[in-house]
Amino acid sequence: MKTSHKDKIVVVGAGNVGEAIAYTLMIRKQASDIVLIDLNEARAKGDALDISHGTSFYNQVTIRQGGYEECADADIIIVTAGVARKPGQTRLDLAKVNVSIMRSVTESIMQYAKNPIIVVVSNPADIITAEIQAISGLPANRVIGSGTSLDTARLRYNLSEALNVSVKDVQAYVLGEHGDSQVPIYSSAAIGGVSLDSAAEQLNVTLDKEDIAKRTREGGAEVIGLKGATFYGIAMSVSAIVETIMRDDNAVLPVAHVLDESFGDWAGVPISLPCQIGAEGISKVLEVSMSDSEKEAMNASVQILKDFLNKVREA
């Protein structure tokens with residue numbers, strides 16, 4: 001386990017998501033130096049000041065606005081930059097715009113950083129993960145997309161609500177695309193070590209798995225419809241990724257990275273799978289037991305991502 005580090009994290013993008021991530025990192029004492037970078041320097045400075053003013057009540061953390069030179073000695077660089085989807089804009093059009101933005105962001109990061117770990121949050125997160133890895137030239141294990149980490153958290157929350165159990169006792173994954181083709185893996189899910197179906201039977205609960213999967217898949221859209229944006233959930237998900245890197249504790253989380261040739265037809269696709277993560281990024285991908293229908297759904301999700309990535313790169 002890592003015993004010492006610089007405790008410096010750079011967040012690129014000072015919008016709602018970047019601000020929530022910086023605040024969460026401070027509250028959870030995950031860094032002693034947090035730097036916000038944004039083209040809108042006033043917004044980044046304002047976010048930094050707002051959070052900094054609260055540190056006198058909580059913890060002595062330096063939070064400040066800065067430039068890309070701050071990436072030179074950062075433990076982790078978190079990328080949240082990009083534009084939100086506009087009414088009438090297709091997902092493909094959004095991807096093309098944000099990929100263009102990411103080229104500039106990545107080149108600016110790599111001008112100063114030598115071998116960073118980059119955590120990608122910008123949407124569409126899977127596609128942006130692949131593009132940042134390609135542009136940066138970094139090993140795939142050092143460019144980590146937030147992937148289905150938040151989708152997994154939503155699934156566990158929904159299952160805990162349906163079964164009336166603590167969410168801490170729910171073990172279940174959403175894998176595949178961070179999007180509509182995501183796959184909830186029910187066949188290996190468990191409640192306190194008891195298989196999901198057996199636990200539901202013992203608790204006298206009839207689970208509507210299709211409805212739970214739908215609510216999980218549409219959870220982000222529901223929040224956006226109610227309040228206009230999502231940022232707290234993803235901030236906590238990113239915080240979990242940051243924690244296992246900074247502590248080098250080898251936690252297993254469902255995140256995305258570009259898969260290598262050992263994955264056969266899935267190679268080259270930024271798909272989410274359970275990954276062991278430590279101070280050097282992703283060290284291992286774990287194989288999850290799946291039913292035949294889940295494997296089929298995963299293959300479909302991979303193909304959707306592969307086709308979408310090809311369309312983005314055709315531009």
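Reply: C275 counts as buried, because its relative accessibility is 0%; buried means under 20% relative accessible area, exposed over 50%, and partly exposed in between, with a 1.4 Å probe and protein chains only. C71 also counts as buried, at 1% relative accessibility. The model is predicted: local features need pLDDT of at least 70, side-chain atom pairs count only at pLDDT 80 or more, and totals for chains, interfaces and linings use all residues. Residues are numbered from 1 along each chain as its sequence is written, and side-chain values use heavy atoms, leaving out hydrogens and water.

Me: How many disulfides does a search of the whole structure find?

Reply: A disulfide is a pair of cysteine sulfur atoms within 2.5 Å. The search of the whole structure finds 0.

Me: How many helices and strands does the chain have?

Reply: Both are DSSP runs numbered from the N terminus: helices are H or I, at least four residues, and strands are E, at least two. The chain has 10 helices and 12 strands. Its radius of gyration is 19 Å, close to the 20 Å from the globule rule for 315 residues, so the chain is as compact as a globular protein of that length. The radius is taken over C-alpha atoms, and the rule is 2.2 Å times the number of residues to the power 0.38.

Me: What share of the residues in the chain is buried?

Reply: Buried residues are 50% of the 315 in the chain.

Me: What share of the contacts with a separation of 6 or more comes from residues 24 or more positions apart?

Reply: Contact means heavy atoms within 4.5 Å. Such residues account for 70% of those contacts in the chain.
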